[in-house]
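I am opening a notebook on this structure. My entries follow what I looked up, topic by topic.

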Amino acid sequence: MEPISEPKLAPPSALELDPAGMQLRPGLGLSRQIHAQIKARILRGQLSHGARLPTTRALAQALGVSRNSVLHAYEQLESEGLIEARMGAGSFVSALKTLSASETPVPLLQAGPAKPLPAPDPTPVELPETPLWQALQHYQPTATTVGRGRAFRHGLPALDLFPHALWSRLQARFWRRQARPDPDAALSYGDPAGLPRLRELIAAYLSHSRGLPCRPEQVLVTAGSQQAIAIAALALLRPGDRVGMESPGYRAAAAALGLGGARVLPVPLDEQGLRVGALRALGPVRLVYTTPSHQYPTGVVMSLQRRLELLAWARANDAYVLEDDYDGEYRFSGVPLAPMASLEAGQAGRTLYVGSFSKLLFPGLRLGYLVAPAHWLPTLARLRSVLDRQAAIADQAVLADFMAEGHFLRHVRRMRRAARERRDAFIEAWTQDLTPLHPRFQLPAVPAGLQVFLPLEHRSEEQRLSQSAQAVGVEVGCLQQMGGLPAHSQQAGLVLGFATVPTADIRQAVRALADVWRGLL
């Protein structure tokens with residue numbers, strides 16, 4: 001007679017899942033909650049290797065849910081390797097290294113009453129020590145804004161005049177094209193240099209409306225002027241190269257110019273723009289960044305003589321000029337000034353030209369361009385491909401239609417007219433309510449652009465005026481926070497944007513400033 005063998009018992013740690021304590025809340029996805037709670041028990045070690053899960057029918061009955069909800073949760077757990085299904089035997093917990101209590105993750109969906117999060121680990125995570133990482137610690141990105149700009153937020157155009165309905169129709173038409181065979185409407189990868197049709201239209205616009213002769217083969221479509229500046233810097237500069245930058249200047253440009261390890265040096269301004277004599281005094285400089293048509297943020301326009309001197313300096317020193325045509329289209333008397341790049345007249349290209357649609361359409365569009373010698377474009381396009389492959393095809397196609405059908409030029413004229421009207425309203429209100437308060441409130445001339453620069457004597461005064469303006473709901477920009485690299489300029493001043501404020505609201509905002517600033521004086 002054979003001896004009767006004792007049944008093999010599962011180890012205490014491999015007990016079957018007990019659904020007691022599993023609580024489900026309606027409206028959060030039953031399958032997801034079941035998955036999250038079982039997963040949390042497995043990772044905590046409450047269900048160890050070999051633990052058997054109830055059948056889908058049994059667990060569904062215990063929880064009062066449909067069998068499909070449990071089935072979907074089990075399928076997800078199996079796909080993640082947390083459980084394994086054995087034909088005819090059931091589902092069991094896979095062999096895993098369980099986490100300690102301090103390592104246990106918080107489930108994505110917590111069932112039942114909310115539980116406090118575990119205390120953060122007091123040990124700080126070690127930060128990278130690369131030069132770029134360290135440099136970025138000193139850079140503060142532009143604050144994210146919600147809704148349309150209020151008085152007197154700088155850097156924004158008249159967003160209330162954007163043709164939303166027209167743009168929406170063009171977008172709808174683009175997507176309708178995708179439903180039928182159309183070789184011109186592709187949703188696959190595109191040319192990193194930009195949609196060929198859009199490059200042709202940009203080149204035509206710059207040639208005929210901005211006075212810059214160029215061909216489509218010279219145009220690289222970018223994610224706004226910021227990326228164009230970064231691409232130029234990465235392509236042209238070596239670690240340790242010296243870069244001249246007008247000061248005060250565009251803080252984001254200074255950060256982009258230093259991405260590859262170049263050293264950015266301030267070049268002071270005068271009433272004619274960047275001082276070429278001060279640039280020469282710096283010694284060897286590989287590249288200089290400037291906004292000659294309307295200097296940001298002071299509003300100075302570079303004279304023709306100074307432009308010619310700067311180009312002569314670049315040729316003599318085997319250097320490059322990076323021209324950012326900031327606010328170039330917004331000139332209120334006569335026609336917009338031709339870009340400095342147009343003065344090279346067929347000579348060896350020393351000027352790279354940067355432009356953007358942010359101030360003409362809307363900043364969130366993130367489309368701009370870099371104009372460079374044609375034989376540079378293949379390499380620049382490779383760099384663009386490495387960075388982010390390409391701009392969104394849909395946005396490029398819609399913008400191309402907007403330009404090709406004449407809407408763009410009409411919109412530019414409308415935006416220029418509105419900016420001039422709002423500038424006039426701003427100056428009139430300011431002259432009546434603020435200029436009489438103190439001589440320091442005398443505004444300089446505003447021949448172009450979307451904002452006005454008010455120079456001040458001291459940083460403390462700049463801070464005091466801006467904080468009091470904020471208290472009454474008016475936003476002004478501090479030069480200390482926006483004018484180039486932190487150590488570049490000790491100048492003080494405020495930047496007030498008038499273009500994004502409807503004319504009817506300008507008077508009220510200026511009066512609010514007058515009331516609060518009168519008390520400070």
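I call a residue buried when its relative accessible area is under 20%. The model I am reading is predicted. I looked up Cys 214 first. Cys 214 has a relative accessible area of 12%, so Cys 214 is buried. Cys 478 is also buried, because its relative accessibility is 4%.

Two packed helices are described by the angle between their axes and the distance between the axes. I looked up H7, residues 224–236, and H11, residues 377–388. Their axes come within 10 Å and cross at roughly 115 degrees. I noted the hand of the crossing of H7 and H11 as right-handed. Which residues meet there? From H7 I listed Gln 227, Ile 231, Leu 234 and Ala 235. From H11 I listed Leu 380, Leu 383, Arg 384, Leu 387 and Asp 388. By class, this contact has six nonpolar residues, one polar and two charged.

**Cis peptide bonds.** Most residues other than glycine have a negative phi, and most peptide bonds are trans. I went looking for exceptions. The bond from Ala 151 to Phe 152 is cis, with omega near -10 degrees. I found Phe 152 in the loop between H4 (131–136) and H5 (164–177). The bond from Tyr 296 to Pro 297 is cis as well, with omega near 10 degrees. Pro 297 lies in the loop between strand E8 (287–290) and helix H10 (304–316).

**Positive phi.** Asp 318 is not a glycine, yet its phi is positive, near 50 degrees. It sits in the loop between H10 and strand E9 (320–324). I then checked Arg 366, which has a positive phi of about 55 degrees and is not a glycine either. Arg 366 is in the loop between strand E10 (351–356) and strand E11 (368–371).

**Salt bridges.** Side chains of opposite charge can pair when their charged atoms come close. I got a count of 23 salt bridges. I looked up some of them one at a time.

Asp 318 came back here, paired with Arg 350. The closest N and O atoms of this pair are 2.8 Å apart. The pair links distant parts of the chain, 32 residues apart. Arg 350 is in the loop between E9 and E10, and Asp 318 in the loop between H10 and E9. Arg 350 is buried, because its relative accessible area is 15%. Asp 318, at 43%, is partly exposed.

Asp 433 and Arg 507 meet in another salt bridge, at 3.1 Å from N to O. Asp 433 is in H13 (residues 407–433) and Arg 507 in H16 (residues 503–520), 74 residues apart. I noted Arg 507 as partly exposed, at 22% relative accessibility.

Glu 461 pairs with Arg 440, with the closest N and O atoms 2.6 Å apart. Glu 461 is in H14 (residues 459–471), and Arg 440 in the loop between H13 and strand E12 (451–456), 21 residues apart. Glu 461 is buried, at 5% relative accessibility. Arg 440, at 29%, is partly exposed.

My last entry is a network. Salt bridges that share partners join Arg 173, Arg 177, Arg 197, Asp 401 and Glu 405.

How values were computed
Residues are numbered from 1 along each chain as its sequence is written. This is a predicted model: local features need pLDDT of at least 70, side-chain atom pairs count only at pLDDT 80 or more; totals for chains, interfaces and linings use all residues. Side-chain values use heavy atoms; hydrogens and water are left out. Axes are lines fitted to C-alpha atoms, for helices over the stretch in contact, and angles run from 0 to 180 degrees between N-to-C directions. Helices (H or I, at least four residues) and strands (E, at least two) are DSSP runs, numbered from the N terminus. A crossing is left-handed if the near helix is turned anticlockwise from the far one by less than a right angle, and right-handed if clockwise. Contact means heavy atoms within 4.5 Å. Ala, Val, Leu, Ile, Met, Phe, Trp, Tyr, Cys and Pro count as nonpolar, Asp, Glu, Lys and Arg as charged, and the others, Gly among them, as polar. Buried means under 20% relative accessible area, exposed over 50%, partly exposed in between (1.4 Å probe, protein chains only). A salt bridge is a side-chain nitrogen of Lys or Arg within 4 Å of a carboxyl oxygen of Asp or Glu.
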